[in-house]
Each structure stands twice: as C-alpha cells, then as structure tokens.
Amino acid sequence: MSDTAAYIQALEVSNPLLEPVIRSAIQALDLPPGSHGLDAGCGIGRQALLLAEAVGPAGHVTGLDISPALLQHAKGIVQMAGLLHQISFQAGDVRRLPFGDGTLDWAWSSCCVGYSAALPPVPTLQELARVVRSGGTVAILVWSSENLLPGYPLLEARLKATTPGLAPFVAGSQPESHCLRALGWFRAAGLEACAARTFVGGAHAPLRSELRQALIALLEMRWPNAEAELTAEDRSAYRRLCRPASPDFILDQRDYYAFFTCSMFWGQVAVAPLAIANQVGL
Ligand SMILES: C[S@@+](CC[C@H](N)C(=O)[O-])C[C@H]1O[C@@H](n2cnc3c(N)ncnc32)[C@H](O)[C@@H]1O
C-alpha cells in the first residue's frame with residue numbers, strides 16, 4: 001500500500017471517533033444558512049460533508065487540497081453522499097488561493113495552518129482572510145491533547161515528549177509558534193473578534209468495533225516512530241500496551257476510557273470603512 005493510500009485509510013478509520021467532535025465545532029461557528037465557504041486542506045473531504053450539512057442545501061462548500069489523490073478520494077465520498085451539487089473540489093495551494101478577494105462567506109481549515117514550516121500560520125491566515133468577505137469568519141481546528149493510556153500517565157507523558165508527540169511543534173521553536181497560541185496568529189493576521197474553544201471526544205469499554213479500529217489508528221498516528229526516543233523499559237511497556245496483538249493491549253481492558261480534545265480558533269475579517277458607511281447609510 002502506498003503512503004497516501006495508508007494515510008487515506010487511517011483518516012477513514014479514525015473518522016468515527018473524530019466526526020462528532022468536528023461536527024460540534026462546526027455547529028458552534030453558526031455558519032449562515034445558504035452561505036458559501038472554503039475547506040482549505042480538505043484532505044479526504046469528510047469535513048466538507050459536515051460543513052455542507054451546517055450551511056444547508058442552499059449553501060456551497062469548496063474543498064481545496066494540494067494532493068490530487070486525496071481530492072479524488074474526497075470526490076468519491078461526496079458522490080456517494082449525493083452532494084456533488086453542493087460540494088465541489090479544487091486542487092490548489094492554501095498559500096495562493098485561486099479565489100478573488102472577498103468572494104467567500106467563510107473559510108475553515110483543520111490540521112493544516114501552521115502544521116509545517118511550509119505553511120507559516122500568519123501569512124496562511126492572511127491568505128484565508130483575503131478571500132473571505134468583510135465580516136465573514138475564518139476558523140481553524142487543531143488537535144490539542146489526548147489521554148489514550150489511562151493508568152500509565154508517565155509512559156504517556158514520555159510519549160508526548162517525543163518528537164512525534166510534540167508535532168507539529170518542534171522542540172526549541174518559539175512558544176508563539178505553538179498551535180495553542182493561535183489567537184496571536186489570528187490577531188497578527190488582522191482578524192477581529194478572535195476567540196477559542198475546545199471540544200472533547202472520547203470512547204470507553206466495551207468499545208464498538210468501529211471505535212476500537214479508530215482508536216488503534218489513532219494510537220498509530222499519534223506516536224509514529226516514537227519508540228526510538230523511549231528508554232528500553234518504556235519501549236517494552238509501549239509495545240505491551242499499544243500493540244493490538246499483545247495480550248495486554250490497553251483497548252481490551254474492561255475499564256478502558258480515553259479522551260482527546262480539538263481546539264478551534266476563529267475570527268472575523270475586518271469590516272472595511274466603506275462597508276460600514278454603506279451599512280449605516282452614509
Ligand atoms: C493533516 S491533513 C488534514 C486534512 C483534513 N483537513 C482533516 O482535518 O482531516 C493536512 C492536509 O493539508 C493538505 N495540505 C498540505 N499543504 C497544503 C497546501 N500548501 N495547500 C493545500 N493543502 C495542503 C494535505 O494534503 C492534507 O490533506
């Protein structure tokens with residue numbers, strides 16, 4: 001299986017766990033019914049479906065991604081949902097969006113802005129804000145925490161302190177580049193009425209098959225290649241607890257409970273003085 005195919009599969013398998021959290025975040029944005037918006041870095045398109053649900057049948061969502069393979073998968077999902085009239089996809093770069101100034105009502109981006117050095121947060125947010133009309137919303141969602149190994153806080157803390165555990169933050173980076181400082185990114189990008197809110201997802205034993213598979217995928221995605229940074233003792237505990245074939249696999253514990261959080265940051269595109277004058281009839 002290619003890396004992209006494996007990535008698509010991991011996103012699909014983990015979706016049942018993530019979807020309720022992302023739906024709650026999108027609902028909290030209160031996007032106007034009938035509005036038109038952008039899902040920047042849309043990946044496999046699952047969130048475009050939720051955004052379309054939020055704006056209703058008169059609204060429209062454009063999913064944009066740099067990966068043709070992900071877009072192809074996304075189109076298949078939307079076609080199967082019978083929503084090709086409401087959701088379209090476009091290959092493109094979030095750093096140079098193929099849309100005119102102020103042509104959209106809102107822009108959404110999950111786990112993309114600030115996720116690599118190639119996508120510096122402030123210029124990327126400025127580009128998202130450029131294509132949104134005055135008063136429209138720009139929102140990003142970031143993965144912000146997890147507790148997946150109940151009863152093993154030290155092991156989990158050490159996993160979180162590895163390079164993959166810290167990612168996309170890089171040890172030694174400026175504190176302001178951490179995604180939980182995104183309010184500062186929004187303000188620096190000129191957005192107004194900036195706000196933040198955290199949404200919690202979780203699962204507990206007995207786990208339905210699809211949630212068990214989702215948690216297995218999450219364990220694999222969260223700490224890839226972390227073993228090399230662990231002590232021999234921690235590595236052995238990690239393998240014992242986190243490998244599905246192990247008799248001590250943590251998801252099979254009868255009292256297993258896990259939760260994670262995603263945090264949303266959002267702001268409004270400044271209303272231009274001319275637009276204010278028009279609104280008040282000057
Ligand atoms: C971590 S995935 C998140 C996907 C989806 N938003 C989600 O939350 O499931 C990051 C996505 O951003 C896309 N991406 C990365 N760089 C990009 C760029 N410069 N322009 C557009 N999309 C980009 C990737 O192809 C990938 O689909």
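**Entry 1: strand 2**

I call a residue buried if 20 or more other C-beta atoms lie within 10 Å of its own, exposed if 12 or fewer, and partly exposed in between, with C-beta atoms placed from the backbone. I take helices (H or I, at least four residues) and strands (E, at least two) as DSSP runs, numbered from the N terminus.

I note that this is a predicted model, in which local features need pLDDT of at least 70, side-chain atom pairs count only at pLDDT 80 or more, and totals for chains, interfaces and linings use all residues. Residues are numbered from 1 along each chain as its sequence is written.

I traced an open sheet of 7 strands with mixed pairing, in the order 3-2-1-4-5-7-6. Strand 3 (87-91) and strand 6 (192-204) are the edge strands, and each pairs on one side only. From one strand to the next, the twist averages 20°. I count two strands as paired if DSSP finds at least two bridges between them.

I then went through some of the pairs.

- Strand 1 and strand 2 run in the parallel sense over 5 bridges, and Asp 39 has Gly 63 of strand 2 as its bridge partner.
- Strand 5 (residues 132-147) and strand 7 (residues 257-268) are antiparallel over 10 bridges. Glu 146 has Phe 260 of strand 7 as its bridge partner, and Val 138 stands opposite Gly 267 in strand 7.
- Strand 6 and strand 7 are antiparallel over 11 bridges, and Ala 196 stands opposite Phe 265 in strand 7.

I also looked at what lies on the sheet. Helix 4 (residues 121-130) lies across strand 1 (36-40), strand 4 (104-110) and strand 5, and runs at about 140° to strand 5. For such angles, axes are lines fitted to C-alpha atoms, for helices over the stretch in contact, and the angles run from 0 to 180 degrees between N-to-C directions.

**Entry 2: helix 1**

I found Asp 3 in helix 1 (residues 3-29). Asp 3 is exposed, because 8 other C-beta atoms lie within 10 Å. I checked Asp 3 against Ser 24: they are 21 residues apart in sequence and 30 Å apart in space, C-alpha to C-alpha.

At what angle do helix 1 and helix 8 (residues 209-222) pack? I read about 120°, with the axes 7 Å apart. That angle makes helix 1 oblique to helix 8. The scheme counts angles under 35 degrees as roughly parallel, over 145 as roughly antiparallel, 65 to 115 as roughly perpendicular and the rest as oblique. The crossing of helix 1 past helix 8 is left-handed. A crossing is left-handed if the near helix is turned anticlockwise from the far one by less than a right angle, and right-handed if clockwise.

Among the residues that make this contact are Ala 10, Val 13 and Leu 17 of helix 1 and Leu 211, Leu 215 and Met 221 of helix 8. Two residues are in contact if their C-beta atoms, placed from the backbone, lie within 7 Å. By class, the contact of helix 1 with helix 8 has 10 nonpolar, 2 polar and 1 charged residues. Here Ala, Val, Leu, Ile, Met, Phe, Trp, Tyr, Cys and Pro count as nonpolar, Asp, Glu, Lys and Arg as charged, and the others, Gly among them, as polar.

I turned to helix 2 (residues 46-55), whose axis comes within 10 Å of that of helix 1 and crosses it at roughly 35°. Helix 1 passes helix 2 in a right-handed crossing. The contact of helix 1 with helix 2 has 5 nonpolar, 3 polar and 3 charged residues.

**Entry 3: backbone details**

I found a cis peptide bond from Ala 167 to Pro 168, with omega near 5°. Pro 168 is in the loop between helix 6 (163-166) and helix 7 (182-188). Ala 205 and Pro 206 are also joined by a cis peptide bond, with omega about -5°. Pro 206 is in the loop between strand 6 and helix 8.

Cys 111 has a positive phi, near 50°, in a residue other than glycine. I placed Cys 111 in the loop between strand 4 and helix 4. Cys 111 is partly exposed, with 17 other C-beta atoms within 10 Å. Ala 193 has a positive phi near 50° and is found in strand 6. Ala 193 is exposed, with 11 other C-beta atoms within 10 Å.
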